[in-house]
Amino acid sequence: MSKLSKAKKSFTVKWKKQNTQTTGYRLIYSMNSKFKTENKYVMITSNKTTSKSIKKLKAKKKYYIRICTYKTVGGTKYYSGWSSVKSVTTK
């Protein structure tokens, strides 16, 4: 992840594009820093996409975000390791 931008009841995540060995990205965000409960997953199916806005969140709450890439081979998805965790507080 390269940048997190906060907005009213939302945030935007930006990351660097991975061209090789990548089909898309998997984003997870949660209000729990250890990602034990209340996890929400977002699948980005294009490896050309470099940002995603997450909306309809709670105001003035802290969210933790991490991202990984995936590659689809023969109908099976293979995931990379998760990025480091970053946090953002909504407006």
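Hi everyone, let me start with a definition: a polar contact here is a pair of N or O atoms within 3.5 Å, where, within protein, one atom must be able to donate a hydrogen and the other to accept it, and residues adjacent in sequence count only if both atoms are side-chain atoms. With that in hand, look at Ser30, whose side chain reaches the backbone nitrogen of Asn32 at 3.0 Å. The Ser30 side chain also reaches the backbone oxygen of Thr37, at 3.0 Å.

Before going on, a word on where the numbers come from. This is a predicted model, in which local features need pLDDT of at least 70 and side-chain atom pairs count only at pLDDT 80 or more, while totals for chains, interfaces and linings use all residues. Residues are numbered from 1 along each chain as its sequence is written, and side-chain values use heavy atoms, with hydrogens and water left out.

Back to Ser30, then. Ser30 sits in strand E3; helices (H or I, at least four residues) and strands (E, at least two) are DSSP runs, numbered from the N terminus. Is Ser30 buried or exposed? With a relative accessible area of 1%, Ser30 is buried. The cut-offs are under 20% relative accessible area for buried, over 50% for exposed, and partly exposed in between, with a 1.4 Å probe and protein chains only.

How big is the volume of the largest pocket? The figure is about 150 Å³, where points are joined across faces, edges and corners and the volume is the space filled by probe spheres set on them. By class, the lining has four nonpolar, one polar and five charged residues. Here Ala, Val, Leu, Ile, Met, Phe, Trp, Tyr, Cys and Pro count as nonpolar, Asp, Glu, Lys and Arg as charged, and the others, Gly among them, as polar.

Now to the rings. The structure holds five aromatic pairs. The rings of Tyr29 and Tyr63 have centres 6.3 Å apart and planes at 65°, so this pair is edge-to-face. The rule is that rings of Phe, Tyr and Trp (its six-membered ring) pair if their centres lie within 6.5 Å, with planes under 30 degrees apart counted as stacked, over 60 as edge-to-face and the rest as tilted. This pair links distant parts of the chain, with Tyr29 in strand E3 (residues 24–30) and Tyr63 in strand E6 (residues 62–73), 34 residues apart. Both tyrosines, Tyr29 and Tyr63, are buried. Why is the pair of Tyr70 and Tyr79 tilted? Their ring centres are 5.9 Å apart and their planes stand at 50°, so the pair is tilted. Tyr70 is buried, at a relative accessible area of 3%, whereas Tyr79 is partly exposed, at 37%. There is also a cluster, formed by Phe11, Tyr29 and Tyr63.

Arg26 lies over the face of Tyr79, at 4.8 Å from the ring centre, and Arg66 lies over the face of Phe35, at 4.2 Å from the ring centre. For this, NZ of Lys or CZ of Arg must be within 6 Å of the ring centre and within 35 degrees of the ring normal.

Phe35 brings us to backbone angles. Most residues other than glycine have a negative phi. Phe35, however, has a positive phi of about 60°. Phe35 is in the loop between E3 and strand E4 (40–44), and at 8% relative accessibility Phe35 counts as buried. Lys9 also has a positive phi, near 55°. Lys9 belongs to the loop between strand E1 (3–7) and strand E2 (10–14) and is partly exposed, with a relative accessible area of 42%.

Last, some distances, C-alpha to C-alpha. Leu27, in strand E3, is buried at 0% relative accessible area; Leu27 and Tyr64 are 37 residues apart in sequence and 11 Å apart in space. Thr20 and Ser10 are ten residues apart in sequence, yet 30 Å apart in space. Thr20 lies in the loop between E2 and E3 and counts as exposed, at 62% relative accessibility. Thanks, everyone!

Key:
1 Å grid on protein atoms, 1.4 Å probe; cavity = no way out; pocket = protein on both sides within 12 Å on 5 of 7 lines; lining within 4 Å.
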